[in-house]
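Me: I am new to this structure and would like to know what the terms used for it rest on. Please set each value against its definition.

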Amino acid sequence: MNNQLAGTGALLRLALRRDRVMAPVWTLVVAMLVLSLPGSLESVYGTVAERERLLATMTANGSLRALYGPVFGDSIGALTAWRGGVFAGLLAGVMSLVIVVRHTREEEESGRQELLSAAMVGRRAPLTAALLAALTANAAAALLVTAGLAGRGAAGALALGLGIGATGMLFAALAAIAAQLTESARLAKGLTGAFIGAAFVLRAAGDAGAPDGGSALTWISPLGWLEHVRAFAAERWWVLALFAAASAAQLAAAYALAARRDVGMSFLPARPGPARGRLGSAGALAWRLQRGALLGWSLGFLAAGVVFGGMTDGATELVGDNARTREIIERMGGQAGQAGQGVLADAFLATMAGMLAMVAALYIVSAVLRLSAEESGQRAEPLLANAVGRLRWAGGHLAVAFGGSALILLLAGLGLGIGHGEDIGGAVAATLGQLPAVWVIGALAALLHGAVPRFAVAAWAVAGAALALGWVGPALNLPQAVLDLSPFAHLPKLPGGQDPSWAPFVALTASAAALLAAALTALRRRDLAA
């Protein structure tokens with residue numbers, strides 16, 4: 001066994017060095033999602049009566065429970081766990097899958113793992129180092145959450161911190177299995193991401209039908225387990241044993257699979273084949289490579305739009321006469337200072353349209369950075385050695401990325417209109433109106449790939465910063481100068497609100513075009529990545 005783990009320490013140090021920027025940023029985002037909530041919740045629900053009213057409303061409103069889950073207590077700590085626990089656990093899962101796949105399947109796909117394995121490196125060392133790197137990040141997030149909320153109750157803070165960290169490690173173990181089954185890092189991430197999405201859907205479906213969270217669907221989902229830790233509300237410590245048992249079983253399966261395959265191989269190999277017929281062009285190949293991901297995003301955005309649209313009436317009921325909550329929603333929806341229930345509904349729809357657009361920025365970054373994956377995986381060089389220019393090759397992927405972002409926002413708008421049951425055209429205009437900001441972030445990702453491919457991964461930080469500013473900025477009442485750092489802050493909020501001006505749409509679209517031109521120029525002039 002010692003020989004099997006030889007070199008684990010060196011590989012762990014290498015992984016932590018490579019993740020010295022990404023992992024701390026992810027950890028802080030996970031922790032701050034939770035730690036930013038108590039102050040704003042206290043200003044919104046400062047009295048016991050307001051918190052009791054919230055509990056009664058959530059018990060009666062299935063659509064809001066589907067998004068946030070049931071409320072198990074009326075303390076600020078319990079409301080913090082309710083409002084941010086599931087989302088923090090979801091982000092911890094995404095962080096974990098990125099770390100594990102990066103240091104397992106990506107290393108094998110690039111050929112670096114084969115070189116390392118030729119030295120004094122045990123067979124189980126790479127997987128162990130990747131899992132320890134994920135454990136380090138999740139432990140740091142758990143520690144930050146526990147320390148930050150300790151003043152609200154030490155037991156509750158510890159329960160929530162451990163629950164979030166355990167959720168992240170469970171999905172890390174799942175990513176370890178996916179890395180053994182699949183031949184590409186992209187497929188391993190997609191498979192694990194699909195399971196994370198399924199966990200959220202199962203929890204949402206279960207919570208929508210059971211006010212106390214006791215549905216069988218909720219108990220099937222690890223995110224449902226995180227709810228049932230019940231931090232700050234008579235903690236259920238035994239639920240953490242479910243995480244431990246599930247993680248142990250998955251880790252055993254991952255190690256068993258790793259022992260039965262060669263480096264670079266997989267149990268679900270890709271099907272090679274010549275590019276014929278519809279795959280006879282660079283654009284068609286880009287479509288073939290990205291259509292599966294686009295289909296998944298499209299279905300997810302359509303479903304999310306329907307859910308958020310259906311929540312509109314319930315959200316306005318939840319807000320009621322709470323001035324602080326109304327102020328936050330109206331500020332996020334661009335209609336601060338106006339009055340009326342219809343205005344509040346428009347502000348909520350505008351807020352949801354903006355949030356969906358910010359998530360769409362994650363799609364466009366992933367689609368654009370497929371160029372980086374093709375280049376670093378040495379699949380671009382053989383293609384470009386033929387009668388295919390760099391601009392045609394890059395243009396195919398960029399067309400899918402930018403056209404795909406328009407498609408998913410169109411479907412999100414349709415979903416919002418269908419779910420709300422009113423003004424489908426206005427809902428579509430609200431989501432498509434955010435498209436220029438999404439394109440700016442996609443163009444920045446293209447520029448990073450074209451000019452400094454080594455730092456192309458920084459595009460994720462750009463998209464994450466825009467999402468964070470839009471999500472917590474208004475709630476924290478950040479200065480407008482800070483909010484303006486996001487391109488989304490410069491677009492009118494639809495539906496309702498002020499009469500839209502064409503100037504910001506034109507300016508952001510022109511900026512995206514200029515950034516794309518600079519990206520393609522830089523790509524033509526530099527060498528391909530080795």
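**Salt bridges and burial**

Reply: Arg105 and Glu108 both belong to helix α7 (residues 105-110), three residues apart, about one turn of the helix. Helices here are DSSP runs of H or I with at least four residues, strands are runs of E with at least two, and they are numbered from the N terminus. This is a predicted model, in which local features need pLDDT of at least 70 and side-chain atom pairs count only at pLDDT 80 or more, while totals for chains, interfaces and linings use all residues. Residues are numbered from 1 along each chain as its sequence is written, and side-chain values use heavy atoms, with hydrogens and water left out.

Me: What makes Arg105 and Glu108 a salt bridge?

Reply: The term requires a side-chain nitrogen of Lys or Arg within 4 Å of a carboxyl oxygen of Asp or Glu. The closest N and O atoms of Arg105 and Glu108 are 3.6 Å apart, so the pair is a salt bridge. Both Arg105 and Glu108 are buried.

Me: Why is the pair of Arg526 and Glu375 called a salt bridge?

Reply: Their side chains meet at 2.7 Å, N to O, and the limit is 4 Å, so the name applies. This pair links distant parts of the chain: Arg526 is in the segment after α26 (502-525), Glu375 is in helix α19 (residues 370-376), and they are 151 residues apart.

Me: Why is Arg526 called buried?

Reply: Buried means under 20% relative accessible area, exposed means over 50%, and partly exposed is in between (1.4 Å probe, protein chains only). Arg526 has a relative accessible area of 13%, so Arg526 is buried.

Me: Why does Glu375 count as buried?

Reply: Glu375 has 4% relative accessibility, which is under 20%, so Glu375 counts as buried.

Me: How many salt bridges does the structure hold?

Reply: There are nine salt bridges in the structure. One of them joins the side chains of Arg102 and Asp19 at 2.4 Å, N to O. Arg102 lies in helix α6 (residues 76-102) and Asp19 in the loop between α1 (8-18) and α2 (22-35), 83 residues apart. Arg102 and Asp19 are both buried.

Me: What share of the residues in the protein is buried?

Reply: Of the 530 residues, 50% are buried.

Me: How many helices and strands make up the secondary structure?

Reply: The protein has 26 helices and zero strands.
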